[in-house]
Amino acid sequence: SGPPQGAVQTLKRLPTGSDAQVRVETYTFADGTRHHKVYIAGTQSMWAGAVEPWDMGSNWDGYARQNFASLEATRQALEMAGVRPDEPLDVVGYSQGGLVATYLAVGDEYDVGEIMLIGSPTVPGLRDDQTLVQLAHTADPVAALAGGGWAGTTGSRDSIVVTREGDTGDVINFDGPLDPHMMEQYLTTAGQLDASGDPRAAAIQQRRAQLSEAVTVTSTDYKAKRPF
């Protein structure tokens with residue numbers, strides 16, 4: 001149905017549940033050029049060494065700057081989708097998906113132009129021609145692993161960092177400490193961003209709207225398992 005209209009629709013395109021961890025959209029234009037968007041899910045298993053690549057083991061390995069299963073699975077999904085190194089690619093990652101997106105953004109495998117991170121434990125150092133869109137709750141213990149982000153700037157001048165306290169995870173009120181990390185909380189923040197009228201958010205959406213000129217759009221979901 002075309003590119004997502006705003007932050008809320010972008011978050012809603014992230015894979016959820018057990019059916020997939022990666023979604024790749026390919027926008028093909030009349031002149032044959034293509035633009036891709038990849039959506040990467042968050043942690044699916046709290047156990048390490050599970051059949052599920054999006055497990056705690058991948059969190060630990062990725063945060064320790066080692067190769068990890070969910071990153072390798074995402075690379076394989078992009079290869080299966082036919083994404084070429086010279087074609088523009090936007091990445092969207094939630095939680096562990098943000099960790100994967102960070103590695104894709106700073107690597108030289110793909111031409112990553114826009115990076116959207118939601119509750120990510122890492123924030124990459126980006127080039128001036130890359131745009132960062134970051135949503136982070138101050139009470140989110142996962143986002144806190146990024147150490148507050150960068151003291152200076154990262155990415156293009158169009159980059160935007162959106163912060164909100166979110167639910168404080170007050171145990172006295174029977175809230176879990178991970179409540180500020182939940183997708184429902186970030187959907188609320190995304191809705192506030194869409195309604196804010198911030199010119200940076202409008203500029204990002206205007207660039208995305210150019211994808212509406214595509215003559216065909218394909219969307220493919222990928223489900224990965226460890227080979228044992």
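Is the crossing of α2 and α4 left-handed or right-handed? In this predicted model, the two helices cross in a left-handed manner (the near helix is turned anticlockwise from the far one by less than a right angle; clockwise gives a right-handed crossing). Residues are numbered from 1 along each chain as its sequence is written, and side-chain values use heavy atoms, without hydrogens and water. Local features require pLDDT of at least 70 and side-chain atom pairs pLDDT 80 or more, while totals for chains, interfaces and linings use all residues.

Two packed helices are described by the angle between their axes and the distance between the axes. For helix α2 (residues 56-63) and α4, the axes come within 10 Å and cross at roughly 40° (axes are lines fitted to C-alpha atoms, for helices over the stretch in contact, with angles from 0 to 180 degrees between N-to-C directions). Helices (H or I, at least four residues) and strands (E, at least two) are DSSP runs, numbered from the N terminus. Ser58, Asn59, Gly62 and Tyr63 of α2 meet Gln96, Leu99 and Tyr103 of α4 (contact means heavy atoms within 4.5 Å). The residues of this contact comprise three nonpolar, four polar and no charged (Ala, Val, Leu, Ile, Met, Phe, Trp, Tyr, Cys and Pro count as nonpolar, Asp, Glu, Lys and Arg as charged, the others, Gly among them, as polar).

Helix α3 (residues 69-80) packs on helix α4 (residues 96-106) at an angle of about 65°, the axes being 10 Å apart. This crossing is right-handed. On the α3 side the contact involves Ser70, Leu71, Thr74, Arg75 and Leu78, and on the α4 side Gln96, Val100, Tyr103 and Leu104. Five of the contact residues are nonpolar, three polar and one charged.

The largest nonpolar core has 29 residues (a core is a set of buried Ala, Val, Leu, Ile, Met, Phe, Trp, Tyr and Cys residues joined through side-chain atoms within 4.5 Å; buried means under 20% relative accessible area, exposed over 50%, partly exposed in between, with a 1.4 Å probe and protein chains only). Val24, Val38, Leu78, Val91, Leu104 and Ile115 have the most contacts inside this core. Its largest share, five residues, comes from α4. Leu78 touches Val24, Val38, Val83, Leu89, Leu104 and Tyr110, residues up to four places away in sequence not being counted.

Ser159 is located in the loop between β5 (131-137) and β6 (160-164). Ser159 counts as buried because its relative accessibility is 14%. A polar atom of the Ser159 side chain lies 3.0 Å from the backbone oxygen of Ser156.

Note on methods:
A polar contact is a pair of N or O atoms within 3.5 Å; within protein, one must be able to donate a hydrogen and the other to accept it, and residues adjacent in sequence count only if both atoms are side-chain atoms.
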